[in-house]
Amino acid sequence: MSYSELGRRAGITAQSAQATVRQLEDRGAVERRTDPGRGRTAELHITATGQELLRAGRDAYDDAGAALERVLGKQRRQDLTGLLP
């Protein structure tokens, strides 16, 4: 997919999408496998490191949600998260 499409799906600019991909590559989270002559498209593949980062991010998200629920209660947490885009 193009960086423009990637950015659109993520709600960011194409330039930000390119910068994010570069940062993920630098961390070893993704590999870019783009054929020569493909212009501004990239075939990205998640690495084992990327899988670990995803798991850690999901765990942190779940932990934050559980902490909110402990403080607010289930219904108020659902109301709050329902307000988010």
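**Burial, bridges and a patch**

A: Y3 is buried, at 6% relative accessible area; buried means under 20%, exposed over 50%, partly exposed in between (1.4 Å probe, protein chains only). This is a predicted model: local features need pLDDT of at least 70, side-chain atom pairs count only at pLDDT 80 or more, and totals for chains, interfaces and linings use all residues. Residues are numbered from 1 along each chain as its sequence is written, and side-chain values use heavy atoms, with hydrogens and water left out.

Q: Where does Y3 lie?
A: In helix α1, residues 3-10. Helices are DSSP runs (H or I, at least four residues), as are strands (E, at least two), numbered from the N terminus.

Q: What joins the side chains of Y3 and R32?
A: A polar contact of 2.3 Å. The term means a pair of N or O atoms within 3.5 Å; within protein, one must be able to donate a hydrogen and the other to accept it, and residues adjacent in sequence count only if both atoms are side-chain atoms.

Q: Which side chain meets R32 in a salt bridge?
A: That of E25, at 2.4 Å, N to O. A salt bridge is a side-chain nitrogen of Lys or Arg within 4 Å of a carboxyl oxygen of Asp or Glu. R32 is partly exposed at 33%, and E25 is partly exposed at 26%.

Q: How many salt bridges does the structure hold?
A: Five. One of them pairs R9 with E5, closest N and O atoms 2.8 Å apart. Both sit in α1, four residues apart, about one turn of the helix. E5, R8 and R9 are linked in a network.

Q: Is R9 buried or exposed?
A: Exposed, at 58%. E5 is partly exposed, at 23%.

Q: New topic. What does T47 contact, beyond its neighbours within four places in sequence?
A: G28, A29, V30 and E31; contact means heavy atoms within 4.5 Å. T47 is in the loop between β2 (44-46) and α3 (48-72). T47 is buried, at 15%.

Q: And E31, which side chain does it meet in a salt bridge?
A: R33, at 2.8 Å, N to O.

Q: Which element has the lowest mean pLDDT?
A: Helix α1, at 88, while α3 has the highest, 95. pLDDT is the predictor's confidence in each residue, from 0 to 100. The chain averages 89, and 92% of the residues score at least 70.
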